[in-house]
Amino acid sequence: IQKKNCPPDDMKPRITVLTIGVDDLEISMKFYRDGLGLKTEGIIGKEFEYGSVAFFDLQNGIKLGLWPRKSIAHDTKVTITSPSPTEFTIGHNVNSKEEVNDVMEQVKKAGANIIKPAKDTFQDPDGHIWEVVWNPQWKIEED
């Protein structure tokens, strides 16, 4: 029972899908699947005008979704604006500096735009910023 003048219970951290808007679903799907090696069933929902989407399996049951920006705008009734790569960043954790170098070489071969050459930051085909994160205090458990 909720007491009067008390806030409701805090929202539980149950985020299971992170969806990013893309301009060309096919190009973006190939970048993440073929270039980065993320697992996907490919593009689904092509039979619906605004339904095409691609999901990628990440760790612990989390999914990364790619959905065309025009579909997001249609679904939400929010006007499309110019994309901004500074809206958010995505961190990919690794266990060593050597792994950082390996990932940066992989994404470069996949066509990523390396935006800080001496650093560990790149952009996907839609300009979303990724950082390959290595912190000796954090150990990444491999599945």
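**A close look at the aromatic rings**

Modeller: Let's begin with Tyr32, which counts as buried because its relative accessibility is 0%, and the cut-off for buried is under 20%. Keep in mind that this is a predicted model. Now look at who Tyr32 pairs up with. One partner is Trp130: the two rings form a tilted aromatic pair, 5.9 Å centre to centre, with 45° between the planes. Tyr32 belongs to helix H1, while Trp130 belongs to strand S8 (residues 129-134), so this pair ties together parts that are 98 residues apart in sequence.

Next, turn to Phe56. Here too you'll find a tilted aromatic pair with Tyr32, and this time the figures are 5.8 Å centre to centre and 50° between the planes. Helix H1 covers residues 25-35 and holds Tyr32, whereas Phe56 lies in strand S3 (residues 53-57), so the pair ties together parts that are 24 residues apart in sequence. Is Phe56 buried or exposed? Phe56 counts as buried, because its relative accessibility is 0%.

The structure holds four aromatic pairs, and the two I've described are among them. Ring pairs link Tyr32, Phe56 and Trp130 with Phe31 and Phe122 into a cluster.

Conventions
Residues numbered from 1 in each chain as written. Predicted model: local features only at pLDDT ≥ 70, side-chain atom pairs only at ≥ 80, totals over all residues. Heavy atoms only, no water. Phe/Tyr/Trp six-rings, centres within 6.5 Å; stacked < 30°, edge-to-face > 60°. Helix = DSSP H or I, 4+ residues; strand = E, 2+ residues; numbered from the N terminus. Buried < 20%, exposed > 50% of the residue type's maximum accessible area, 1.4 Å probe, protein only.
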